[in-house]
Amino acid sequence: MTPDTFSVELFTQNWTAVALSAVVAAMAIGGMFAASRMLSARRHSEEKLTTYECGIPPSPYTWSNINVRFYIFAILFLIFDVEAVFLFPWAVIFMQEKINEANTLPFYAMMMFLGVLAFAIIYAWKKGVLEWQK
Amino acid sequence: MLEAILLTISLDDFIWIIVGLFAMFTCLSIVVLSLTWLERKVLGRLQLRLGPTRTGPMGLMQPIADALKLILKEDIVPASSEKALFWVAPVIVVISAFMIWVTIPGTQTAVIQNLDLGLFYIIAFSVIGILGLVLAGWGSANKYGTLGGLRAAAQLISYEIPIIMVAISVAMLAQSLDLREIVDGQNDYIYVFVQPLGLVLFFIAGLAEVGRTPFDIYFAESEIVGGPFVEYSGAHWSVFFLAEYINTFAIAALMVILFLGGWSGPVLSGNWEIIWFLGKVYVVIMVIFWVRGTFPRLRIDQLMAFAWKVMVPMSFLSVVMTAVYQFYDWPAWSLTAMSSAGLAVVGLLIFKKMTAPSKLVAEVKARREALEAQRRPAASGGGD
Amino acid sequence: MAWFIFISLAVLTIAGALGVVVARNVVHAALALLVSLIAVAGIYLVLFAEFLALVQVLIYGGAIIIVLMFAIMLTRNTDYPKISDNKQWPLAALAALAFLGVLAPSFIINRVEGTKSHNASFEGIGESLFTTWAVPFEIASLVLLVALIGAIIIARSDEEEN
């Protein structure tokens with residue numbers, strides 16, 4: 001984690017491995033699909049290709065829409081995700097800053113940031129959007 | 001502009017990475033086979049059954065028989081589905097599940113590539129998998145599928161936040177995002193002793209992330225008949241469950257690395273320490289199976305309320321606790337005390353919720369009483 | 001090698017972006033956007049900005065696409081939602097051209113010297129973010145708060161309509 005030991009070779013190896021992992025997983029899964037395609041039984045019928053329904057004939061599917069409340073959870077997730085992006089670098093450096101340069105600003109800055117977000121979640125709670133609606 | 005940057009990698013390294021990745025995939029497949037067998041055995045024992053016994057000694061060949069069956073089964077793609085999405089969804093799920101294993105170390109050296117930002121990398125790529133479930137549900141063109149996909153998205157994004165927060169509080173204790181350094185940081189004491197709240201939150205949120213009971217409402221067979229997986233069969237279906245077990249194993253491995261000291265243990269040294277690692281991971285997995293055998297499934301509203309009203313605030317608190325403890329140089333026991341107090345609050349909240357009279361039941365009761373009260377005057381009026 | 005990777009990632013980014021515009025099916029467009037965004041993360045990696053690449057994957061590849069999927073599912077269409085040509089496209093094209101007109105000259109004037117690897121270390125980002133840029137960082141929290149309040153108000157007004 002020390003910045004001065006950055007090596008291009010290591011960096012390249014690291015991220016090549018990451019990129020290749022996706023390729024390897026896709027290849028392995030592709031192999032499985034291919035095997036299944038060659039080996040599995042295939043007897044097509046109209047009935048079999050209809051969508052599943054519990055005991056009644058399936059009605060033509062209308063891509064039903066959802067309650068707007070779902071959207072709030074997505075937005076909340078986005079907000080906390082962005083917050084996490086700030087927290088990760090902070091978690092690693094705030095103590096170094098304090099010890100090496102006696103700089104306490106990062107700690108108080110983050111506490112203020114968390115305070116604002118705590119207010120956000122309390123606001124959402126009071127407005128009742130954290131309740132699940134049908 | 002970019003010529004100066006030499007992105008070079010020797011052919012040897014390249015080939016070794018590929019070999020390592022294939023080896024990792026094979027290992028994970030074997031682990032998944034072992035987990036399916038173990039799960040059925042453990043659940044069987046918990047319910048006073050035997051579990052699989054017929055195929056091989058102690059039913060050990062059962063997972064292989066299952067795998068063969070799934071490959072030989074017909075892979076049905078419903079006529080009305082969105083074919084492209086239907087196909088790509090399981091691939092997205094399994095790729096994101098496999099990608100995080102690039103950087104999860106088994107011992108100090110048994111890792112494909114150790115990333116400096118390992119913990120952040122794992123969190124970033126695990127979020128992609130959520131999308132696969134939504135696409136699976138949407139692509140199936142089935143109302144159970146869409147409902148399940150939506151529930152999956154809502155549940156997984158809600159429980160992702162506590163996972164992130166707890167991961168951050170561990171990163172603060174270790175002052176690093178490198179998983180190997182996090183394990184090294186636990187030489188004096190493993191982090192569960194200073195951050196028991198973190199362990200419990202991570203465990204609960206981890207269960208929800210991989211959709212294990214009691215958080216399996218998004219694909220619950222008896223309620224929405226398999227949710228996003230309802231239309232899947234054969235190889236495609238098995239890919240989803242491959243991903244689910246890989247993720248379960250990953251969550252257990254992360255718990256061991258973040259809180260239980262990773263591969264450190266007495267007696268063994270060098271790469272043999274992987275035995276400690278696997279041993280601890282399998283113990284955690286046994287606990288996960290035990291929970292599955294014990295708890296009933298949560299309703300979706302209870303699940304979301306629990307995520308946002310207990311898990312998120314508590315994980316926030318655990319970050320603040322750790323920060324304050326480190327910043328003011330408090331002794332280690334003070335964090336233990338704060339964290340345990342937080343844990344007690346979580347326990348109390350769950351206990352109160354479980355024992356409190358349900359609002360729904362009260363509502364039904366009130367309605368029935370109102371109905372009876374309506375009838376009674378009429379009946380008594382007729383008598384007078 | 002770096003050139004080859006960069007060019008293929010750039011092609012993938014543009015192809016994804018074109019896919020978003022061309023696809024008639026909204027969900028396919030969202031998938032194309034995902035491809036484009038992940039390819040941008042790859043370009044960050046070619047520039048040695050690994051933290052930024054991971055942020056791209058987490059925020060754009062994960063959260064934004066999920067928000068987008070929710071938004072697609074919220075659209076009130078009885079049929080499968082298809083993109084139809086609307087009358088706004090000349091306006092959109094004009095806005096895009098104007099944006100390009102601002103971006104391209106600014107890049108040409110302030111050419112980034114690419115003679116050595118600009119490795120912005122993770123710690124370096126943290127240090128400057130929480131000391132030099134502490135005030136914009138605090139403002140970011142307020143922006144997030146405003147976003148949440150806005151979403152809640154929209155959701156509530158939608159509910160009152162029903």
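Student: What share of the 384 residues of chain B counts as buried?
Tutor: For chain B the figure is 52%. Buried means that 20 or more other C-beta atoms lie within 10 Å of the residue's own; exposed means 12 or fewer, partly exposed is in between, and C-beta atoms are placed from the backbone.

Student: And where do these coordinates come from?
Tutor: This is a predicted model, in which local features need pLDDT of at least 70, side-chain atom pairs count only at pLDDT 80 or more, and totals for chains, interfaces and linings use all residues. Residues are numbered from 1 along each chain as its sequence is written, while chains are lettered from A and ligands numbered from 1 in the order in which they are written.

Student: What ipTM and pTM does the model score?
Tutor: The ipTM is 0.84 and the pTM is 0.87.

Student: What about chain C, what pLDDT does it average?
Tutor: Chain C averages 80, and 83% of its residues score at least 70. The pLDDT is the predictor's confidence in each residue, from 0 to 100. Where pLDDT is low, the predicted coordinates should not be read in detail.

Student: Back to chain B. How many helices and strands does it have?
Tutor: Chain B has 13 helices and 0 strands. Both are DSSP runs numbered from the N terminus: H or I with at least four residues for helices, E with at least two for strands. The C-alpha trace of chain B spans about 100 × 60 × 60 Å along its principal axes.

Student: What share of the contacts in chain B is between residues 24 or more positions apart?
Tutor: Of the contacts with a separation of 6 or more, 77% are of that kind. Two residues are in contact if their C-beta atoms, placed from the backbone, lie within 7 Å.

Student: Let's pick a helix. Why is H7(B) described as largely enclosed?
Tutor: Because 12 of the 14 residues of H7(B) are buried, the rest of the structure largely encloses it. Among the buried ones are Leu199(B), Phe202(B) and Glu209(B). They pack against H5 (143-174), H9 (234-259), H10 (274-294), H11 (300-327) and H12 (332-355) of chain B.

Student: How far apart are the end C-alpha atoms of H7?
Tutor: They are 20 Å apart, which agrees with the 20 Å that the 14 residues of H7 (196-209) of chain B should span at 1.5 Å a residue. The expected span is 1.5 Å times one less than the number of residues. Just after H7(B), Gly211(B) has a positive phi of about 65 degrees.

Student: Which residue other than glycine has a positive phi?
Tutor: Met58(B) is one, with phi near 55 degrees. Met58(B) sits in the loop between H1 (11-46) and H2 (62-72) of chain B, and is partly exposed, with 13 other C-beta atoms within 10 Å. Asp329(B) also has a positive phi, of about 55 degrees. Asp329(B) lies in the loop between H11 and H12 of chain B, and it is exposed, with 8 other C-beta atoms within 10 Å.

Student: Changing topic: how many residues of chain A are in contact with chain B?
Tutor: 52 residues of chain A contact 68 residues of chain B. Helices H1 (8-39), H2 (69-101) and H3 (105-126) of chain A each supply at least two residues to the side that touches chain B. H1(A) gives the most, with 20 residues. By class, that side of chain A has 38 nonpolar, 10 polar and 4 charged residues. Ala, Val, Leu, Ile, Met, Phe, Trp, Tyr, Cys and Pro count as nonpolar, Asp, Glu, Lys and Arg as charged, and the others, Gly among them, as polar.

Student: Which residues have the most contacts inside the largest nonpolar core?
Tutor: Ile168(B), Ala171(B) and Ile66(C) do, in a core of 201 residues. H2(A) gives the largest share of this core, 22 residues. Such a core is a set of buried Ala, Val, Leu, Ile, Met, Phe, Trp, Tyr and Cys residues joined through C-beta atoms within 7 Å.

Student: What is Ala171(B) in contact with?
Tutor: Leaving aside neighbours within four places in sequence, its contacts include Phe88(A), Val92(A) and Leu119(B).

Student: And what does Phe316(B) touch?
Tutor: Not counting residues up to four places away in sequence, Phe316(B) touches Leu114(A), Ala118(A) and Met165(B). Phe316(B) is in helix H11 of chain B and counts as buried, with 20 C-beta neighbours inside 10 Å. Phe316(B) and Val166(B) are 150 residues apart in sequence, yet 8.3 Å apart from C-alpha to C-alpha.
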